[in-house]
Protein chains: 2
Amino acid sequence: MDELEQLDRIKYYRSYEAGQTLIWSGDPMDFVGSVVTGIATLTQTMEDGRTQMVGLLLPSDFVGRPGRDSSAYNVVATTDIVMCCFRKKPFEEMMVRTPHIAQRLLEMTLDELDAAREWMLVLGRKTAREKIASLIAIIARRDAALSMQGMRGPLVFDLPLTREAMADYLGLTLETVSRQVSALKKDGVISLEGKRRVTIPDFNRLLEEAGDDSDGGMLI
Amino acid sequence: MDELEQLDRIKYYRSYEAGQTLIWSGDPMDFVGSVVTGIATLTQTMEDGRTQMVGLLLPSDFVGRPGRDSSAYNVVATTDIVMCCFRKKPFEEMMVRTPHIAQRLLEMTLDELDAAREWMLVLGRKTAREKIASLIAIIARRDAALSMQGMRGPLVFDLPLTREAMADYLGLTLETVSRQVSALKKDGVISLEGKRRVTIPDFNRLLEEAGDDSDGGMLI
DNA sequence: TTCGTATCTTGATCTGGGTCAAGGCTCAGG
DNA sequence: CCTGAGCCTTGACCCAGATCAAGATACGAA
C-alpha cells in the first residue's frame with residue numbers, strides 16, 4: 001500500500017532503558033510514535049509530588065498528539081522499551097493526505113477514552129481491594145490477548161509494575177497495595193510465585209472481586 | 001460548504017426534560033449527535049448502585065461513537081436539553097467521504113481524553129476540598145468561555161449540578177460535598193446566593209485551593 | 001394555607017486507607 | 001563471603017471522609 005510505504009519512509013526507532021523518562025510534561029515534542037516492545041506509563045504530577053498515572057502504554061499503543069507540540073504528561077519507561085517514531089510535521093502532512101490514518105487514530109483514541117472512563121469508575125468508587133482486582137484483571141486480559149492464550153484455564157503472567165506504580169495507577173499508597181495483594185493471595189483469588197508472577201485460577205472469581213458483573217469483560 | 005449542507009440534510013432535533021435518561025448503558029444507539037442547549041451527564045453504575053459520572057456534556061459536546069452500536073454509559077439530562085442528532089448510518093457514510101469530519105472528531109476526542117485524564121488526577125489524588133475547588137474552577141472556566149466574559153474580575157454563574165451530581169462527579173458523598181462547599185464559602189474562596197449561584201472573587205485563589213499551579217489553567 | 005417532595009445542611013460517630021516505622025528478601029558489586 | 005540499594009511486607013496508630021441521623025429550606029400542588 002502506498003501510504004504504508006510513505007509511513008515507512010519517515011519512521012525511525014528509538015530505544016530507552018527501564019526507568020528513563022522519555023518525555024517531560026510541558027516539553028516540546030516533535031514526534032509521535034507507538035510502542036513496539038516494552039511498557040511505559042503516562043503520569044501527571046502535582047507540585048507537592050502527588051502523582052497519578054493516567055495511561056499505561058503497552059505494545060501497539062500510540063503516543064503523542066497531532067496538532068499540539070508539547071506533552072501534557074510525563075512518559076516514563078517501566079521496562080526497557082523500543083518505540084517506532086515519526087517526525088510530527090511529515091506525519092501531520094500525511095494525515096491530511098490520507099484520511100485512513102485519521103480514521104484509524106480516531107478509533108484508537110475512542111478506545112483510550114473508554115478505558116479512561118472505565119478507570120474513572122475504579123478511581124472514584126471502588127474499594128482498595130476492588131481496585132487491585134480490577135488492575136490485575138486488566139493486565140491479565142491484555143496479556144492474554146497479546147499472548148494469544150484464551151481465557152480458559154488458569155492464567156499466568158508477570159506484573160509489569162512495581163507496587164509503587166500500581167499505587168500511582170490506583171490512587172492508593174504502596175503499603176495499601178501490598179496489603180491488598182497479600183489479602184487476595186490469602187483468599188485464593190490469585191497466587192504468587194515471587195513478587196511478580198501471578199496465577200489466576202478462576203478469572204470470574206477475580207472479576208467478582210473487582211466488582212464487575214462477570215461477563216461485561218469478555219469483549220476481547 | 002457542501003459537506004455542511006449534506007450534514008444539514010440528515011440532521012434533526014430532539015428535546016428532553018430535566019431528569020430524563022436519554023440513553024441507557026447497553027442500549028442500542030442508532031444516532032450520534034451534539035448538545036445544542038442544556039446539560040447532560042455520562043454515568044457508569046455498578047450493580048450495587050455506586051455511580052460515577054464520567055463525562056459532563058455541555059452545549060457543543062458530541063455524544064455517541066461511530067462504529068459502535070450500543071452506548072457504554074447512561075446519558076442523563078441534568079436540565080432540559082435540546083440535541084442535534086444524525087442517524088448513525090448516513091453519518092458514518094459521510095465520514096468516509098469527507099475526511100474533514102473524522103479529523104474534527106479526532107480533535108474533539110483528544111480534548112475529551114485530556115479532560116478525562118485531568119479528572120483521573122482529581123479522582124485519584126486530590127482531597128475533598130481540592131476536588132470541589134477543581135470542579136467549580138472547571139465549570140467557571142467553561143461558563144466564562146461560553147458567555148464570552150473574560151477571566152478578569154469576579155465571576156458569577158449558576159452551578160448546573162445538584163450536590164448529589166457533584167458527589168457522583170467527584171467520587172464523594174453528597175454530605176461531604178455540602179460540607180466542603182460550606183467551608184470554601186466560610187473561607188471566602190467563593191460566595192453563594194441561594195444554593196446554586198456562585199461568585200468567585202479571585203479565580204487564582206480558587207486554583208490554589210484546587211491544587212493546580214495557578215497558571216496552567218489559562219489556556220482558554 | 002398546608003402538605004409533600006426534593007434538595008441541602010449540620011452533627012455525631014465510625015472506619016478504610018493513609019502515615020510512620022521497622023524489618024525482610026534479592027541480587028549486583030566488591 | 002559480605003554489603004548496600006531497591007523493592008516489598010507487616011504492624012501500630014491516626015484521620016479524612018463515609019455513614020447514620022435529624023432537621024432546614026424551597027417550592028409546586030391541593
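**How the protein meets DNA strand D**

A polar side-chain atom of B:Glu175 lies 3.3 Å from a base nitrogen of DNA strand D. The model is predicted, so local features need pLDDT of at least 70 and side-chain atom pairs count only at pLDDT 80 or more, while totals for chains, interfaces and linings use all residues. Residues are numbered from 1 along each chain as its sequence is written, chains are lettered from A in the order in which they are written, and side-chain values use heavy atoms, leaving out hydrogens and water.

**Around the DNA**
- B:Arg179 also points a polar side-chain atom at a base, 2.8 Å from a base oxygen of DNA strand D.

**Salt bridges**
- The whole structure holds 30 salt bridges over all chains (a side-chain nitrogen of Lys or Arg within 4 Å of a carboxyl oxygen of Asp or Glu).
- B:Arg65 and A:Asp114 form one of them, at 3.0 Å, N to O.
- B:Arg65 sits in the loop between β6 (62–63) and β7 (74–77) of chain B and A:Asp114 in helix α3 (residues 99–125) of chain A, so this pair joins two chains.
- B:Arg65 is buried, with a relative accessible area of 12% (buried is under 20%, exposed over 50%, partly exposed in between; 1.4 Å probe, protein chains only).

Conventions: Polar contact = N/O pair within 3.5 Å; in protein donor to acceptor, adjacent residues only side chain to side chain. Helix = DSSP H or I, 4+ residues; strand = E, 2+ residues; numbered from the N terminus.
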